[in-house]
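Reader: I would like to go through this structure by question and answer. Please show it before we start.

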Amino acid sequence: MKFTVGQIAELLGGKVEGDATASVYKLEKIEEAREGSLAFLSNLKYEHYIYTTQATAVIVAHSLVLKQPTTAALIRVEDPYLSFTRLLEEYQKVKSRLLQGVEEPSFIGQNVTIGEAHYRGAFSYIGHNCQIGKNVRIYPQAYIGDNVKIGDNTTIFAGAKIYADSVIGKDCIIHAGAVIGSHGFGFAPQKDGTYKDIPQLGNVILEDNVNVGANTTIDCATMGSTIIREGTKIDNLVMLAHNVEVGRHTVIAAQTGISGSAKIGDNCVIAGQVGIVGHIALANKTTVGAQSGVSKSIKEEGTIIQGSPAFDYKQNLRALAVLRRLPELEKQLNELKEKI
């Protein structure tokens, strides 16, 4: 699909400097762009590329002052990164609209309602009594159990598994291999040293605009619901246990594990390889640094923690600085002992 630079500028609410009639038909990085492509410049570390790029047009900030002329047309906007993201979203929507219909073989159960303009890939499975909204994309080999509800414009990628009774909101994305609603890790120890399985009777609720990464698992609640609230983004290879609650617009990076009944606030940032014990709570806007182990609740909003066990970020940096000096300090201590 081809668009003029002027059409792109109109979509973004931007202003064109250069040839507004030039055509673009692909999106590329500024350092790799060729004729016919549209790029963007957000990080000023890449500014030198704007003078050599072969892109037909580049999205830049209103505030950018050029040091020399450019061959590319410029589309000036308030925030180039957000504008380019919007273009990617529009491109994805166009591709999504082209993907409709039902591929065979596939299975759909009894008493299922499904909205218009949907797509069901080959070997996909939809159980009984499901409610599926409009413009939903269900890719090949995806599994959707009985009594599942899925909102409009949600995408379920290949091989994802959604267990019975799960509730998925609008505009969600569940990537390949993710498992929603698997049984929680609940076992009662017996006198003879064995463990008895505790039935997990709850479900999982994903509110609107939630992203779940590839091969991430979210366990159903023992009773009640495991809840991921609106706008939260979860990376690949994350594990959320039974009865966990995650607040609105929180981000969780890869290889993080959150134990049962932990409660994560709104707008939190959980970096990679973080472990959070069960039955604690993190206040809104908490940031947890990579490879941290969180064993206590965080009550003050906006707290930044790091380490295992995790504590105040700046104190942790000072402690690490001392730790690196331990061999030197030990040597000095031994020298003082000899003198004494």
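Reader: Which helices each supply at least two residues of the nonpolar patch?

Author: This is a predicted model. The patch lies on the surface and consists of I304, Y313, L317, L320, V322, L323, L326 and L329, with about 650 Å² of accessible area together. The helices that each supply at least two of its residues are α3 (313-324) and α4 (326-339).

Reader: Where does the largest share of the nonpolar patch come from?

Author: L320, one of the patch residues, is found in helix α3. The largest share amounts to 5 residues, and its source is α3.

Reader: Is L320 buried, partly exposed or exposed?

Author: Buried means under 20% relative accessible area and exposed means over 50%. L320 has a relative accessible area of 35%, which lies between those cut-offs, so L320 is partly exposed.

Reader: Is V5 buried or exposed?

Author: V5 sits in helix α1 (residues 5-12). Beyond its neighbours within four places in sequence, V5 is in contact with V16, D19, A20, A22, V24, A57, A73 and I75. Its relative accessibility is 1% and the limit for burial is under 20%, so V5 is buried.

Reader: What distance separates the C-alpha atoms of V112 and N129?

Author: V112 is in the loop between β9 (107-108) and β10 (113-114). Not counting residues up to four places away in sequence, V112 touches I126, G127, H128, N129 and C130. V112 and N129 are 17 residues apart along the chain, and their C-alpha atoms are separated by 4.9 Å.

Reader: Is V112 buried or exposed?

Author: The limit for burial is under 20% relative accessible area. V112 has 19% relative accessibility, so V112 counts as buried.

Reader: Which residues does I276 touch, not counting those up to four places away in sequence?

Author: The largest nonpolar core has 45 residues, and I276 is listed with I174, L206, I218, L240, I270 and L282 as touching the most other members. Apart from this core lies another, of 14 residues, including A9, L12, L38 and L87. With residues up to four places away left out, I276 touches G257, I258, S259, A262, I264, I270, L282 and V294.

Reader: What separates the centres of domain 1 and domain 2?

Author: The domain assignment gives domain 1 as 3-98 and domain 2 as 103-314. Taken over C-alpha atoms, the separation of their centres is 36 Å.

Key
Residues numbered from 1 in each chain as written. Predicted model: local features only at pLDDT ≥ 70, side-chain atom pairs only at ≥ 80, totals over all residues. Heavy atoms only, no water. Core = buried A, V, L, I, M, F, W, Y, C linked by side-chain atoms within 4.5 Å. Buried < 20%, exposed > 50% of the residue type's maximum accessible area, 1.4 Å probe, protein only. Contact = heavy atoms within 4.5 Å. Patch = residues over 30% accessible without salt bridge, like charges linked within 9 Å, V, L, I, M, F, W, Y side chains within 5 Å. Areas by Shrake-Rupley, 256 points an atom, 1.4 Å probe, with all protein chains shown as cover. Salt bridge = Lys/Arg side-chain N within 4 Å of Asp/Glu carboxyl O. Helix = DSSP H or I, 4+ residues; strand = E, 2+ residues; numbered from the N terminus. Domains from an automatic or database assignment.
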